[in-house]
Amino acid sequence: MLDLFSGLDTHVAITLMLSLGFVLAFEFINGFHDTANAVATVIYTQSMKPRLAVFYSGVCNFLGVMSGGLAVAYAIVHLLPVDLLISVNTSRGMAMVFALLAAAILWNLGTWYLGLPASSSHTLIGAILGVGVANSFINNTSLSHGINWGKAIDVGASLLVSPIAGAMMAGLIVILLRRFRPRSNVHKTPYQRQQVEGRKHPPFWTRFMLIVSAMGVSFAHGSNDGQKGVGLVMLVLIGIVPAKFVLNLDSTPYQLERTRDAAQHLQQFYQRHEADLSKIIVKSTSTSQYECHPQQTVATADQLLKLMGDGNDYHTLSASQRWDVRTQLLCLDDAAKKAADLPKLSSDDKQLLSNLRKDLTTTTEYAPTWVIVAVALALGIGTMIGWRRVVKTVGEGIGKKDMTYAQGVAAQTTAAVSIGLASWFGFPVSTTHVLSSGVAGTMIADKAGLQMSTVRSIALAWLFTLPASMGLAAGLYYLAAQWF
């Protein structure tokens with residue numbers, strides 16, 4: 001990190017600082033925007049004092065980012081079309097980063113100010129899709145190329161299914177507690193506990209579970225949402241200082257050997273299936289240097305192998321050669337993905353292509369430790385402020401009755417497990433949506449009813465977040481493309 005700005009012109013260094021500041025600001029806002037979702041029940045039930053709760057939540061968010069891996073980070077990045085990913089070191093790339101970050105920040109701040117539990121993940125994904133759509137219109141290309149629709153469908157499905165599953169799981173937990181512990185204090189609200197028994201805090205084990213599940217939500221939130229910031233930082237670094245970050249310069253000789261082997265095996269696969277592949281891959285007439293041509297996969301693999309040679313260190317490549325290697329690796333990965341669409345492909349061939357894709361991206365999908373630490377700090381510090389506006393909405397505004405301890409434990413446990421599993425499998429999900437739907441599920445299970453005005457507001461925020469952030473990002477990208 002210390003040599004990050006060395007050798008840069010003043011205007012490039014300023015651009016880099018502003019861009020990194022934008023990303024970290026987004027993560028900071030993400031932190032205080034989503035804090036209430038992690039600590040709402042633990043504060044509302046008086047299990048922890050607010051300041052202590054948000055402090056430990058911030059710490060758990062930090063730890064979640066540090067241990068979360070990179071699967072979600074690059075799931076978000078690859079929502080962008082390949083032609084934008086291989087041109088991110090140009091003015092188009094800078095316009096893209098500016099537009100999607102500005103749109104995400106503006107929508108996040110607006111919904112936070114209004115106290116609506118809108119999703120930061122939903123916002124960022126909408127902004128990325130908006131940039132893809134605008135890029136298609138600017139370049140007069142088909143929308144099928146403007147967005148990575150396969151990845152978009154996967155992400156959309158995870159965003160849709162996760163809150164439904166969360167509501168069902170949380171409701172089931174409450175039903176089981178009602179059946180097997182019908183007279184337990186866990187079914188009381190904080191008000192009932194204080195008025196009837198004169199006690200401020202929940203029973204010991206209930207309080208313990210509320211605290212543990214709240215910290216679990218915070219950790220899971222960091223492991224999922226923090227990765228999105230890591231992916232954005234890498235886009236900025238690759239775009240502004242590509243010579244240093246376009247490839248993982250610390251790649252081991254073994255990783256480079258795996259990359260070469262993958263290119264050779266993909267080349268052989270295309271040669272074996274040339275006739276079948278020609279039927280599903282439309283030949284492009286474009287001569288743009290910012291477009292992949294799957295029908296030229298054999299030649300692309302040859303160029304990559306020639307550039308890499310027998311070397312075991314990316315440092316030996318010039319800045320332009322490193323960019324060429326990255327471009328070829330991204331195009332080969334795209335070719336492997338398209339080859340998986342072959343009809344009647346054997347399970348062995350599908351597994352082969354999946355393994356080849358992992359090996360082709362092993363030196364491009366990475367993040368330096370300092371990037372992960374910086375994002376973790378921004379998210380963790382942001383988590384420690386801004387919780388008041390949404391806590392009351394989650395605790396009292398969703399159901400017609402106040403939240404019981406059982407409902408809080410059920411909603412938080414469900415959210416922690418669901419988000420943790422999503423991070424493990426590389427699916428971006430919304431902490432806000434999962435927890436809010438979990439609370440709603442517990443209210444339905446307890447026959448407490450729902451406050452339709454609040455549910456309607458949350459639903460409208462969920463419904464309009466995607467088109468609003470898409471529209472904002474598309475407009476900003478169009479304007480930025482004229483400026484840069």
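**Entry 1: a loop arginine**

I looked up R199 and found it in the loop between α9 (190-197) and α10 (204-240), where helices (H or I, at least four residues) and strands (E, at least two) are DSSP runs numbered from the N terminus. I note that this is a predicted model, in which local features need pLDDT of at least 70 and side-chain atom pairs count only at pLDDT 80 or more, while totals for chains, interfaces and linings use all residues. Residues are numbered from 1 along each chain as its sequence is written, and side-chain values use heavy atoms, with hydrogens and water left out.

R199 counts as partly exposed because its relative accessibility is 48%; the scale I use calls a residue buried under 20% relative accessible area, exposed over 50% and partly exposed in between, with a 1.4 Å probe and protein chains only. Not counting residues up to four places away in sequence, R199 touches R193 and Q194, contact meaning heavy atoms within 4.5 Å.

I then turned to R322, which has its place in helix α15 (residues 319-339). R322 is buried yet has no salt bridge, and the nearest side chain of opposite charge, D313, is 7.1 Å away. For a salt bridge I require a side-chain nitrogen of Lys or Arg within 4 Å of a carboxyl oxygen of Asp or Glu; for charge, Lys and Arg count as positive and Asp and Glu as negative, with His and the chain ends not counted. With neighbours within four places in sequence left aside, the contacts of R322 are A243, V246, L247, L249, Y314, H315 and L317.

S57, in helix α2 (residues 50-67), counts as buried at 0% relative accessibility. Beyond its neighbours within four places in sequence, S57 is in contact with A38, V39, M215, S218 and T383.

**Entry 2: a positive phi**

What is the phi of K344? I read a value near 55°, which is positive in a residue other than glycine. Most residues other than glycine have a negative phi. K344 sits in the loop between α15 and α16 (347-360) and counts as exposed, at 88% relative accessibility.

**Entry 3: aromatic pairs**

I paired rings of Phe, Tyr and Trp (its six-membered ring) if their centres lie within 6.5 Å, with planes under 30 degrees apart counted as stacked, over 60 as edge-to-face and the rest as tilted. By this rule the count is five aromatic pairs. The rings of F22 and F98 have centres 6.0 Å apart and planes at 80°, so this pair is edge-to-face. Because F22 lies in helix α1 (residues 10-44) and F98 in helix α5 (residues 91-113), the pair ties together parts that are 76 residues apart in sequence. F22 is partly exposed at 30% relative accessibility, and F98 is partly exposed with a relative accessible area of 30%.

The rings of F204 and W205, with centres 5.0 Å apart and planes at 80°, are also an edge-to-face pair. Both F204 and W205 are exposed, and together with F208 they form one aromatic cluster.
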